[in-house]
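User: Could you walk me through reading a sheet, a helix and a core in a model like this one?

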Amino acid sequence: EPCCMKKLPISNYYRGKNDEVSYYLSLVNRPLRKNKTSKYRGVCFLKPRNLYSARLDFKGRKYYLGAFKTEAEAAIAWNNAALNIIGPHVPLNVIE
């Protein structure tokens, strides 16, 4: 099994700043889930309200960023929050 395919516990990623950076860079290569309701990271569709919700989870804390009419607006909100909360090493959503 290639070294990039090994599943390591998340606790191993938080031992130092460089390990945290490598954890977030590994997020880029993860495949999307099949049941995902949006093509952007941190964005999901709220069926009852017919809106897109943006949420960020970081170090055990959950940040609710709001509900938006389009998924692009929610992705932009997630990008801005991720840069402010996590830092410049986080992989951002590429808005189409």
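Analyst: We'll take the sheet, then the helix, then the cores. This is a predicted model, where local features need pLDDT of at least 70, side-chain atom pairs count only at pLDDT 80 or more, and totals for chains, interfaces and linings use all residues. Residues are numbered from 1 along each chain as its sequence is written, and side-chain values use heavy atoms, with hydrogens and water left out.

User: In what order do the three strands form the open sheet?

Analyst: Strands (E, at least two residues) and helices (H or I, at least four) are DSSP runs numbered from the N terminus, and two strands pair if DSSP finds at least two bridges between them. Here the order is β1-β2-β3, with antiparallel pairing. That leaves β1 and β3 as edge strands, each pairing on one side only.

User: How many bridges join β1 to β2, and how many join β2 to β3?

Analyst: Four for β1 and β2, seven for β2 and β3. In the hairpin of β2 and β3, two residues sit between the strands, and Lys59 has a positive phi near 50°.

User: What does α2 touch on the sheet?

Analyst: Contact means heavy atoms within 4.5 Å. By that test α2 packs on the sheet, touching β1, β2 and β3, and its direction makes about 15° with that of β2. Such angles run from 0 to 180 degrees between N-to-C directions, with axes fitted to C-alpha atoms, for helices over the stretch in contact.

User: Which residues of α2 are buried?

Analyst: An α-helix has 3.6 residues a turn, so residues three or four places apart point the same way. Buried means under 20% relative accessible area, exposed over 50%, partly exposed in between (1.4 Å probe, protein chains only). In α2, the buried ones are Glu71, Ala74, Ala75, Ala77, Trp78, Asn79, Ala81 and Ala82. After α2 comes Gly87, with a positive phi near 130°.

User: Which residues make up the largest nonpolar core?

Analyst: A nonpolar core is a set of buried Ala, Val, Leu, Ile, Met, Phe, Trp, Tyr and Cys residues joined through side-chain atoms within 4.5 Å. The largest has eight: Tyr40, Val43, Tyr52, Ala54, Phe68, Ala74, Ala75 and Ala77. Its largest share, three residues, comes from α2. Apart from this core lies another, of seven residues, among them Leu56, Phe58, Trp78 and Ile86.
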